[in-house]
Amino acid sequence: MGVIEDDEPPLKRVKGPLEESKSLPVDHSTAQPVSCSLGDKMARPLTSQGDGETIGSQGIIKKSEFIKIITKALYSLGYEKSGALLEEESGIPLHSSVVNQFIQQVTDGKWDDSVAALHMIGLSDETIVKSASFLILEQKFLELLKMEEVTAALDTLRNEIVPLHVNLNRVHELAACIISPLQCVRLGISGQDTEVTTSRSKILEKLQKLLPAAVMIPEKRLEHLVERALDVQRGACVFHNALDSDLSLYSDHHCGKNQIPSQTLQILQAHNDEVWFLQFSHNGKYLASSSKDQSAIIWEVIKENGHMSLKHTLCGHQKPVLTVSWNPDDSQILTCGLEEVIRRWDVSSGECLHVYEKSGVGLISCGWFPDGRGIFAGMTDRSICLWDLEGRELECWKGQRTLRISDMAITEDGKRIISICRESAILLLDREAKFERLIEEVGMITSFSLSKDNKFLLVNLINQEIHLWSIEGDPKLVSRYKGHKRTRFVIRSCFGGLGQAFIASGSEDSQVYIWHRCSAELLLALPGHSGAVNCVSWNPANLHMLASASDDQTIRIWGLDKFNLKHGEKSNGGTHHCNGRS
């Protein structure tokens, strides 16, 4: 393996990546640091950027709410002195005196006083008052039982809880506590004194969720607001393909196209004919490819530099190898010959473990049971068969279940088998319910891909469109992707990127196309190959690694455009070539 310039021009080139979308404006305003000692008698007042009771450039943030939320965050983080100082310095208390009194009474177990204070808060919704009173009196009842004051507990239940007419099922459960000690245990009542404080804290948490936010600010409200802001920025980022650990509060988030694999990092040249199919292993450590040259190859990702090295060449098929399929733990792999046999291989040794065949019938597709204990296959007689690992037939569905060239998939729960059953229809076969659903397309289907969550199907059509279908319940067409070229050959697409937020596809014009999954916007068209790109695969463990297989007998490994990723860093455009020799 060496490094040479990638100066071989493709036979068919189209313009490069599409023009990048304009980024959102970024606020570069800065705040001046304030120095303050806890011992200062006269603290410096907070500056206001708004008019009167509002702050912020748009004047929509209420100053008192803003300060209260910050105060609440300080207390939640354990900064008691800082929280108290902010209340004093701003003159804006976190809670009113009545609410503070109410919280203290609940903490101290002064139940009658806390119910009285609750009515003094001034809540307009009587339902909330009753529900809050129920929580308080329920705690009173349970603590009385714990102290074995059964008569007082019964009096509380009859004369205070029942008249509220709230949560009658819970009232019956509480009544059962008086009769059955086991019911007390089920409700969490024990003789440990340490649990009293814990249970009262939990009551306060429940009251906090029940009462209006203006009365008691919800716990972690500031964190929630910040997370929502990051979610909005992430959702608005068309090119988002970065881990959450890369998000920062210091600036607005915006990914550029440089977060999508768009530069050829390596060209793999070990096949002697067209490369028809490739697929990364589930753990992302391996890549398997199959070719018209009657072989399949297992490539290994080198940890040190992320490049590929040839691990095994799998020979034995007498016809072109259509597809490959990894078992759930990536220790074994299936290869399917064109209307021939299926071979099962050991990934570590490269040894062929078993050959699956059926007399008088050719095999055209294959896959694994979710538990890895069996395989399924599509036949040239349009049937679907399931075998155990030793080749014993377990089930077989005859009739028009597959086509002569057919993709197949099985959901992770093992309940549904998916196959192309007619030129314009996909069969969703429920094994348990013995129920069939159809996805009816307007044109000829050439291939499909199942999403990782088993909820969506990506369908390639001969009319140069890719359709995204939701297959939960009744199938529903969700989105269409256009721009690639497909007139004669089987072209495959895939899901990829963070949360499978992108769609990638091969194309007959020698390019790789990438769309944003939700918006269906075409983001990139990647030139480089000199023949039709038959298949693409996105590494599930590496957001920034994409592989493409072509009629030009090569596999290209795509990664980040490091020249644009690191502005100003010079790149020589070098590409690593691997011819399969170690």
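Which residue takes a positive phi in the hairpin of β21 and β22? In this predicted model, the residue is N454, with a phi near 65°. Five residues lie between the two strands of this hairpin.

Strand β21 spans residues 445-450 and pairs with β22 in the antiparallel sense. Five bridges join β21 and β22. In one of the pairings, S449 has L458 of β22 as its bridge partner.

Strand β22 covers residues 456-461 and is mostly covered, with six of its six residues buried. F456, L458 and N460 point one way from β22. L457, V459 and L461 point the other way. Residues of both sets are buried.

Strand β22 also pairs with β23, which runs over residues 465-470. This pairing is antiparallel too and has five bridges. Here V459 stands opposite H467 of β23. The two strands form a hairpin with three residues between them. In its turn, Q464 has a positive phi of about 65°.

A helix pair was also examined. Helix α3 (residues 97-108) packs with helix α4 (residues 111-120) at an angle of about 155°. Their axes are 8 Å apart. Angles over 145 degrees count as roughly antiparallel, so α3 is roughly antiparallel to α4. The crossing of α3 past α4 is left-handed. On the α3 side, V98, F102, Q105 and V106 make the contact. On the α4 side, W111, D113, S114, A117, L118 and M120 take part. By class, the contact has seven nonpolar residues, two polar residues and one charged residue.

How values were computed. Residues numbered from 1 in each chain as written. Predicted model: local features only at pLDDT ≥ 70, side-chain atom pairs only at ≥ 80, totals over all residues. Heavy atoms only, no water. Axes fitted to C-alpha atoms, helices over the stretch in contact; angles between N-to-C directions. Helix = DSSP H or I, 4+ residues; strand = E, 2+ residues; numbered from the N terminus. Parallel < 35°, antiparallel > 145°, perpendicular 65-115°, else oblique. Left-handed = near helix turned anticlockwise from the far one by under 90°. Contact = heavy atoms within 4.5 Å. Nonpolar A, V, L, I, M, F, W, Y, C, P; charged D, E, K, R; others polar. Buried < 20%, exposed > 50% of the residue type's maximum accessible area, 1.4 Å probe, protein only. Pairing = 2+ DSSP bridges.
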